[in-house]
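Work through the exercises below with the sequence and the structure in view, and try each task before you read its solution.

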Amino acid sequence: MLHCSVHFLDMPQKDPCQKQACEIQKCLQANNYMESKCQAVIEELRKCCARYPKGRSLICSGFEKEEEEKQTLKCTPQ
């Protein structure tokens, strides 16, 4: 049974995007972990993350890091 709860000692509040992260897990499990079948729920998580300030959601930290890497790549001369 999947329990989708995230507990962090330094984050007493519930993560605001936990529901979307759980939906991604459910979708991936239901679709044999084919990420391409779960783009809609992944996009919902991205939208949720965009609504909160950086650092507010630990779940969103992966997207924040991904965005930083994209920016770094754009700024690097070829």
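**Exercise 1.** Find the partner to which a disulfide joins cysteine 17, and explain which parts the pair ties together.

*Solution.* A disulfide, that is, a pair of cysteine sulfur atoms within 2.5 Å, joins cysteine 17 to cysteine 48, with an S to S distance of 2.0 Å. Cysteine 17 lies in the segment before α1 and cysteine 48 in helix α2, so this pair ties together parts that are 31 residues apart in sequence. Helices here are DSSP runs (H or I, at least four residues), numbered from the N terminus. The angle about the S-S bond is -95 degrees, and the link of cysteine 17 and cysteine 48 is left-handed.

The model is predicted, so local features need pLDDT of at least 70 and side-chain atom pairs count only at pLDDT 80 or more, while totals for chains, interfaces and linings use all residues. Residues are numbered from 1 along each chain as its sequence is written, and side-chain values use heavy atoms, leaving out hydrogens and water.

**Exercise 2.** Decide whether cysteine 27 counts as buried or exposed.

*Solution.* Buried means under 20% relative accessible area, exposed over 50%, and partly exposed in between (1.4 Å probe, protein chains only). Cysteine 27 has 14% relative accessibility and therefore counts as buried.

**Exercise 3.** Check whether the span of helix α1 agrees with its 13 residues.

*Solution.* The expected span is 1.5 Å times one less than the number of residues. For α1 (residues 18-30) this gives 18 Å, and the end C-alpha atoms are 18 Å apart, which agrees.

Notes:
Helix = DSSP H or I, 4+ residues; strand = E, 2+ residues; numbered from the N terminus.
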